[in-house]
There are 2 protein chains.
Amino acid sequence: MMYKKLQKLDLEHIWHPCTQMKDHEFLPLIPIKKAKGVWLYDFDDKAYLDCVSSWWVNLFGHCNPYISKAIKKQLAQLEHVILAGFSHEQIIMLSARLCQLAGKPFNKCFYADNGSSAVEIALKMSFHFHLNLGQKRHKFLALSNAYHGETLGALSVGDVGLYKDIYKPLLLECLSTPVPKDENFENELKTLRLILEKNGNEICAFILEPLVQCAGNMRMYKAQFIDEAIKLCKEFGIQIIFDEVATAFGRTGSFFAFEQCKLKPDFLCLSKGITGGYLPLSVVLTSDEIYNAFYAPYETQKAFLHSHSYTGNALACAAANAVLDIFEHHNIIEKNRKLSAFIKKKFEILKEFDFLGNFRQCGMIYAFDILRNPDTRAGLFVFQKALKKGLLLRPLGNTIYFMPPYVICKDEIKYVCKSLREIFKEM
Amino acid sequence: MMYKKLQKLDLEHIWHPCTQMKDHEFLPLIPIKKAKGVWLYDFDDKAYLDCVSSWWVNLFGHCNPYISKAIKKQLAQLEHVILAGFSHEQIIMLSARLCQLAGKPFNKCFYADNGSSAVEIALKMSFHFHLNLGQKRHKFLALSNAYHGETLGALSVGDVGLYKDIYKPLLLECLSTPVPKDENFENELKTLRLILEKNGNEICAFILEPLVQCAGNMRMYKAQFIDEAIKLCKEFGIQIIFDEVATAFGRTGSFFAFEQCKLKPDFLCLSKGITGGYLPLSVVLTSDEIYNAFYAPYETQKAFLHSHSYTGNALACAAANAVLDIFEHHNIIEKNRKLSAFIKKKFEILKEFDFLGNFRQCGMIYAFDILRNPDTRAGLFVFQKALKKGLLLRPLGNTIYFMPPYVICKDEIKYVCKSLREIFKEM
């Protein structure tokens, strides 16, 4: 009763993100009543295992007692204060900890509320940095198949046609260099060199999602390519932005994905997992060298005057500090290593289906593609069947991925594999 | 001790928004320990009256027991769930209530995390709406002196040079029409008509902050101009976006600023006060007519695929519902009317200073300008002196404004006026 009533009211008044709403004529729209750990419960008390960490944000389960307690404690003290001219203990501790974790040269944190805004900040900062140094560069370079968010600046450096093509007349022109197709990336480096030789002096920054292009169908590529690409860019004075909105906080096997590369970027964009899936928060980490290029007498107009009202929200920072506590106290990265090996082993069973392929894994991200009928919405079929079995999967086109909260247990992983096997047997 | 330690750590690791960080060589950076009502307390227990509602977000005081309780209750149930394909009770109730409050034609809510993102959504939606109808329009029209946020799309439709000029090479070209200087707006309407006659068929939407251009030095202008401008735009098939990020939720005297106009916009952007100053949340309200232009079979590619990970966050929606409860149960709009009359009366005392002028008020926003020495940072002088008296004011250049939480009491208002009088006596 409640279920139907809420469902109706929802479809009457909510325009859902990333959704053709007409699809809900045959797809259920599921109001969630409560959640615990990896499980979401609807108003009929049916449980769904959150295999996508609610859009890759949840790390330690829903309604995690430790994070909830930290937010409650903060609620009694200070919920929010303007961050211009003022500050608070949670954001100060969080910033010191993030700089410590990221290591040199990272030493400054600039905050915002979502990943798109973090990307916009990094783009603006890089452009402005060059200008403050007297260099007029105004182009950006990105990887093919990239995704960096949905605001117009972030969308400009992305390359997923589904999100971008329609808005072309509104977007900044951006240069694109191919992401490697496989372990051999000589051709991709050659193309990059050609682009740089032609446009190198006009480019502010090269932006990329290290190791995994998540929204780009979980395309995984080598750290070695990244290191070589960075070296090339540096020859041309080009800054590097790592969009680690989806890849950081242990998702790719190390705390930050960049730890798997030899070279570090100039800007590091973080969001999603930063609050463990609790609250919107994002941050751009950068170096003192870059900060100092903006540090000048007021009247020189070199300041970076970007702002959002809720920047550095105390409740979100409290959640983020609790998340870092959990990483510190529970040896998460090491535990995830074992868990991801277990996932790899269990998912082997799906290789029996000859219409599945490109099995791949990077840390706590596992993915494969449905090769059959690329033009049909096979992913959608899997989504629907999975829901019936109590799994929230959300395929990217015909790519099925498994990206669960880190608190998932072995039996739950086995259940996911067993269910997927049953689904594919029906295909 | 704690104070100094935190201050040092802050300046070591945090790059504050909208700040030339070098200013903190002489300006204090104040870590806040706790807050209650209109008061913020630092680590020496010095109290500051939050005269700017922490960047215009706080409505019912810091650490408001009713809002805190609502968030705590939600923490026990569901902190967050992906909003694509899923939903939850808080966002469903909030959406129904917002549509009810805004009235026809508003009937659909599309969520995001900050004001900039809401503006970007409205711009993209308007562009895409025309495209879905087979019309290729790709320009936007905005008011001179406008401010709509900091991401590149939002910045493109703004006109505050301080934030925008440097980034010009990255921005979308945007048409600008003058905001009225005073009660006579015949010339401004003439200019608007000329712009529309030349470019009308290329313009997707006209975006404006109704009644008050807040970041544009609290410029106030008449609802009658807005109605006339809307009428003109409609002749050319141009949609209207009201950026009510700062003006809604009672700030301008009515619940929404648009209630003071005869005509309604096509898109309504809300944020800031929506959670009472607790958590980042924003939403774009629009009509079924516009929603239906995107409602089509999936393969037609008419869907609006914008998304942010934390869109529709359950904790933020719980805070927003608590805020609407307070409006409903405590007759806030009526109470504010009396309070703003009291503010007006008390601030009269400042008219004794001949170097102050342009005294103006719109609901719970009161502002005036320092007319002397426009090239000096007189506002900064006031900011520093006010801090010493325990007031957090944050002048916009040489515009001093008072925009307190609605729970401020008469004695506190009297104290603000008395303190300002003392400060101006020193000038």
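**Ground rules**

I number residues from 1 along each chain as its sequence is written, and chains are lettered from A in the order in which they are written. Because the model is predicted, local features need pLDDT of at least 70 and side-chain atom pairs count only at pLDDT 80 or more, while totals for chains, interfaces and linings use all residues; side-chain values use heavy atoms, with hydrogens and water left out.

**Entry 1: domains of chain A**

I looked up how chain A is divided, and found domain 1 (31-63 + 331-426) and domain 2 (68-329). The bounds come from an automatic or database domain assignment. The centres of the two domains, taken over C-alpha atoms, are 27 Å apart. Each domain puts 27 residues into the contact (heavy atoms within 4.5 Å).

I then looked at the area between domain 1 and domain 2 of chain A. They bury about 2,200 Å², with 64% of it on carbon and sulfur atoms; buried area is the accessible area (1.4 Å probe) that two parts lose on being put together, summed over both. The rule does find 12 residue pairs in polar contact between them, both residues at pLDDT 80 or more. A polar contact is a pair of N or O atoms within 3.5 Å; within protein, one must be able to donate a hydrogen and the other to accept it, and residues adjacent in sequence count only if both atoms are side-chain atoms.

Which elements supply the domain 1 side of chain A that touches domain 2? At least two residues each come from α2 (53-56), α12 (332-347), β14 (356-362), β15 (365-370) and β17 (399-402) of chain A. Of these, α12(A) gives the most, with 4 residues. Helices (H or I, at least four residues) and strands (E, at least two) are DSSP runs, numbered from the N terminus. By class, this side of domain 1 of chain A has 17 nonpolar, 8 polar and 2 charged residues. Nonpolar covers Ala, Val, Leu, Ile, Met, Phe, Trp, Tyr, Cys and Pro; charged covers Asp, Glu, Lys and Arg; the others, Gly among them, are polar.

**Entry 2: chain B against chain A**

I found 120 residues of chain B in contact with 120 residues of chain A. The two chains bury about 11,300 Å² between them, 67% of it on carbon and sulfur atoms. In chain B, the residues that lose the most area to chain A are B:W15, B:F86 and B:Y310, together 8% of what that side buries.

The rule gives 2 salt bridges across this interface. One salt bridge is between the side chains of B:E150 and A:K124, at 3.3 Å, N to O. I also noted 60 residue pairs in polar contact between chain B and chain A, both at pLDDT 80 or more. Helix α5 (residues 115-132) of chain B makes up the largest share of the chain B side, 8 residues. That side of chain B has 67 nonpolar, 34 polar and 19 charged residues.

I traced an open sheet of 5 strands with mixed pairing, in the order β16(A)-β3(A)-β2(A)-β1(A)-β4(B). Two strands pair if DSSP finds at least two bridges between them. β3 (residues 47-50) of chain A runs parallel to β16(A), joined by 2 bridges, and A:D50 stands opposite A:L392.

I also looked up strand β4 (residues 86-88) of chain A: it runs parallel to strand β1 (residues 30-36) of chain B over 3 bridges. There A:S87 has B:P31 as its bridge partner.

**Entry 3: local details**

β14(A) and β15(A) pair antiparallel over 5 bridges, with A:L356 partnered by A:I370. Their hairpin has 2 residues between the strands, and A:G363 takes a positive phi near 55°.

The salt bridge of A:E197 and A:R193 has its closest N and O atoms 3.5 Å apart. The two residues are 4 apart in helix α8 (residues 186-199) of chain A, so about one helical turn separates them.

Most residues other than glycine have a negative phi, and most peptide bonds are trans. A:C18 has a positive phi of about 50° although it is not a glycine. The peptide bond joining A:K104 and A:P105 is cis, with omega about 0°. In chain B, the bond from B:K104 to B:P105 is cis too, with omega near 5°.

Note on methods
A salt bridge is a side-chain nitrogen of Lys or Arg within 4 Å of a carboxyl oxygen of Asp or Glu.
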